[in-house]
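Biologist: I am new to reading models like this one. Please take me through its packing step by step.

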Amino acid sequence: MSEPHSEDTSQVHAKTEPANSESGVHVTPPVGEPVAKIKPGQLPRPEKTEPRKILWQHVFVLSAVHLISLFALIPWLFTWSGLTVAILGHFVFGMLGITIGYHRLLTHRGFTCPKWFEYALATMGMFNLQDSPARWVAIHRLHHRFSDQQGDTHSPLVSFLWGHVGWILYRHKDTVRTIRYAKYVPDLLRDPYYRRLERNNGWFTVFLVHAIVIVAIGAVVGYLNGGVNEAIRYAASWAVWGVAVRTVFVLHGTWSVNSLTHMFGYRNYETRDQSTNNWLVALIAHGEGWHNNHHADPRSAAHGHRWWEFDMSWWVIRFLEGIGLAGNLVRPKSWASKK
Ligand SMILES: [Zn+2]
Ligand SMILES: [Zn+2]
């Protein structure tokens, strides 16, 4: 949910830093000395968020989706089909869109796939109200580069609340406009599809259209079930459950990766940040909770490194490989060294 982008993003890639790999992926090695272990509250906010300016459109949209999800407490708005759409959306849009699409494919290029399928994954990513593909990827690459240092956009070492959601609500000079974060995503902004989504918050239109489609299908299902009254009830139910509740659940899953798995859990690797592995986050965020493993080996498409670290996204990527939709899977370096 960046500010409306009025810049001509077709010029953006001309201002980018040279990509340092053949595929054009902007690899962002960690910089600086290993951080001494510090407690939440000890890290200053990113200096690029000063002077502080609240992004009211982010506050408004995130508040709205949370408030709408509270309507789930009204029994009249509960339908089994609405709940089913929510659960399916959590797995299909949350996992294929965010963890596999935005994260493991677009950010880290942990596997390859046909271009049409990449666009399909990126499009499903936008159904989760987590910003445009280019901005999400830029922020995440910044996170890997400066993890738990002041340049990190969302370290919970500022405070739990800051790492979880607070950082989204404040302007950050490097991530507020496409022209400012283009240097972190030259590979994406070379692509007209991703550039177009940056203009006039095109990605947000995609989110709205997906919500309208879900509500419309709910209305049809309700009508077939019991006429006009049921059409209204089902449409409202699918809006609340199938869109709002699911979106809020996926949002907090992703946000928990930023907050909880830099605070609570165990570590397999002595990375320079304070990332952890957390089974609860791994469960709700489709394997993303093995976050210390991920910081130790960011390109790997598998985040669970030990046999019992179940990573559903990895198994879905393996399935996609089996049906010819994914290839060149990057496996953890630690697996190779054990052979
Ligand atoms: Zn992290
Ligand atoms: Zn990552």
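**Cores and contacts**

Biologist: Which residues have the most contacts inside the largest nonpolar core?

Modeller: A nonpolar core joins buried Ala, Val, Leu, Ile, Met, Phe, Trp, Tyr and Cys residues through C-beta atoms within 7 Å; buried means 20 or more other C-beta atoms within 10 Å, with C-beta atoms placed from the backbone. The largest core here has 55 residues. Those with the most contacts inside it are A134, V137, A138, V185, L188, W238 and A239.

Biologist: Let me note the ground rules: this is a predicted model, where local features need pLDDT of at least 70, side-chain atom pairs need 80 or more, and totals for chains, interfaces and linings use all residues. Residues are numbered from 1 along each chain as written, with chains lettered from A and ligands numbered from 1 in written order. Which helix supplies the largest share of the core?

Modeller: Helices are DSSP runs (H or I, at least four residues), numbered from the N terminus. At least two core residues come from each of α2, α3, α4, α7, α8, α9 and α12. The largest share, 17 residues, belongs to α9.

Biologist: What percentage of the protein chain counts as buried?

Modeller: The protein chain has 13 helices and zero strands. It is 339 residues long. The share that counts as buried is 46%.

Biologist: Of the contacts between residues at least 6 apart in sequence, what percentage join residues at least 24 apart?

Modeller: Here is an example to picture first: V240 and A72 are 168 residues apart in sequence, yet they are in contact. For the chain, the percentage is 71%.

Biologist: How far apart in space are V240 and A72, C-alpha to C-alpha?

Modeller: V240 is found in helix α9, and it counts as buried because it has 25 C-beta neighbours inside 10 Å. Leaving aside neighbours within four places in sequence, V240 is in contact with I68, S69, F71, A72, L77, G82 and V245. From V240 to A72, the C-alpha distance is 6.2 Å.

**Helices that meet α2**

Biologist: At roughly what angle do α2 and α12 cross?

Modeller: Axes are lines fitted to C-alpha atoms over the stretch in contact, and angles run from 0 to 180 degrees between N-to-C directions. Residues M95, T99, I100 and R104 in α2 meet M312, S313, V316 and I317 in α12. The two axes come within 11 Å. They cross at roughly 85 degrees.

Biologist: Within what distance do the axes of α2 and α3 come?

Modeller: On the α3 side, the meeting residues are E118, L121, A122, M124 and G125. Their partners in α2 include V92, F93, L96 and G97. The axes cross at roughly 120 degrees, and they come within 7 Å.

Biologist: Which residues of α4 make the contact with α2?

Modeller: α2 and α4 pack at about 65 degrees, with their axes 10 Å apart. From α2 come Y102, H103, L106 and T107. From α4 come P133, W136, V137, H140 and R141.

Biologist: What is the phi of D148, about?

Modeller: Most residues other than glycine have a negative phi. D148 lies in the loop between α4 and α5, and it is buried because 23 other C-beta atoms lie within 10 Å. Although D148 is not a glycine, its phi is positive, at about 60 degrees.

Biologist: Is H286 buried or exposed?

Modeller: H286 lies in the loop between α10 and α11, with a positive phi of about 55 degrees. It has 27 C-beta neighbours inside 10 Å, so H286 counts as buried.

Technical notes. Two residues are in contact if their C-beta atoms, placed from the backbone, lie within 7 Å. A residue is buried if 20 or more other C-beta atoms lie within 10 Å of its own, exposed if 12 or fewer, and partly exposed in between; C-beta atoms are placed from the backbone.
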